[in-house]
Amino acid sequence: MLRRLLAEREIFPPGGTAFAVTPALREAYASGDDEELAEVAMAEAARAALRLIAAEREDLTDSVEEALEPPGDADAAPAPGSGAHGGPVYRRAVIAADVSGAKLRPDLDDAVVKLSGPIPYDRIASVHVDLAEAEPEVAKAVDVIDAADLGDEDAEFVLGDAEDHQLAWYANQELAFLVELL
């Protein structure tokens, strides 16, 4: 998605789903200023990034399986992972942008909004991405994100290991450099 943003100079998240400081989020926290609530929304977006990585990995796995000769010979396929052989990069990425016209979606979660259209590049304030050392924990978290959502305590612990990694901050002007490094 970051490469597409760089090439097309705009981005539209899957389903238009984004995260923001909403009235419902403010109400859910007894205290906290806008900066603290923005961190909560960013953490929710980072967790959603795990689902995007899982979907990318599944799409790649399906593509590899379809290309195998004979069908089902898993030993012939390169394993997705850390960008090798076109596999996913196990780093969460969150794009912070100034947008208007987002529709509140408290039915999904307190910080969820639905965007009405793509976000142009010039509205992007920053990009936040895991550093390389987070990849092993992020890969494990991708494996258990659904179980964690369903209340599995062991999965939640694995997810916490990934979430302990702070996302690095990049200005939108640094996006080309960042994409090269991934």
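Of the contacts in the protein chain with a separation of 6 or more, 73% are accounted for by residues 24 or more positions apart. The model is a predicted one. It comprises 6 helices and 8 strands in the protein chain, and these elements follow the order α-β-β-α-α-β-β-β-β-β-α-α-β-α from the N terminus on. Of the 182 residues in the protein chain, 34% are buried.

Thr 22 is located in the loop between β2 (17-19) and α2 (23-28). The relative accessible area of Thr 22 is 2%, and the residue is therefore classed as buried, the cut-off being under 20%. With residues up to four places away in sequence not counted, Thr 22 touches Leu 104, Asp 110, Ala 111 and Val 113. For Asp 110, a polar contact is found: the side chain of Thr 22 reaches the backbone oxygen of Asp 110 at 2.3 Å.

Helix α4 (residues 135-149) packs with helix α5 (residues 153-163) at an angle of about 140°, the axes lying 8 Å apart. The crossing of α4 past α5 is left-handed. On the α4 side, the contact involves Glu 137, Val 138, Lys 140, Ala 141, Val 144, Ile 145, Ala 147 and Ala 148; on the α5 side, these meet Ala 155, Glu 156, Val 158, Leu 159, Asp 161 and Ala 162. The residues of this contact between α4 and α5 comprise 10 nonpolar and 4 charged residues, with no polar ones.

Key
Residues are numbered from 1 along each chain as its sequence is written. This is a predicted model: local features need pLDDT of at least 70, side-chain atom pairs count only at pLDDT 80 or more; totals for chains, interfaces and linings use all residues. Side-chain values use heavy atoms; hydrogens and water are left out. Helices (H or I, at least four residues) and strands (E, at least two) are DSSP runs, numbered from the N terminus. Buried means under 20% relative accessible area, exposed over 50%, partly exposed in between (1.4 Å probe, protein chains only). Contact means heavy atoms within 4.5 Å. A polar contact is a pair of N or O atoms within 3.5 Å; within protein, one must be able to donate a hydrogen and the other to accept it, and residues adjacent in sequence count only if both atoms are side-chain atoms. Axes are lines fitted to C-alpha atoms, for helices over the stretch in contact, and angles run from 0 to 180 degrees between N-to-C directions. A crossing is left-handed if the near helix is turned anticlockwise from the far one by less than a right angle, and right-handed if clockwise. Ala, Val, Leu, Ile, Met, Phe, Trp, Tyr, Cys and Pro count as nonpolar, Asp, Glu, Lys and Arg as charged, and the others, Gly among them, as polar.
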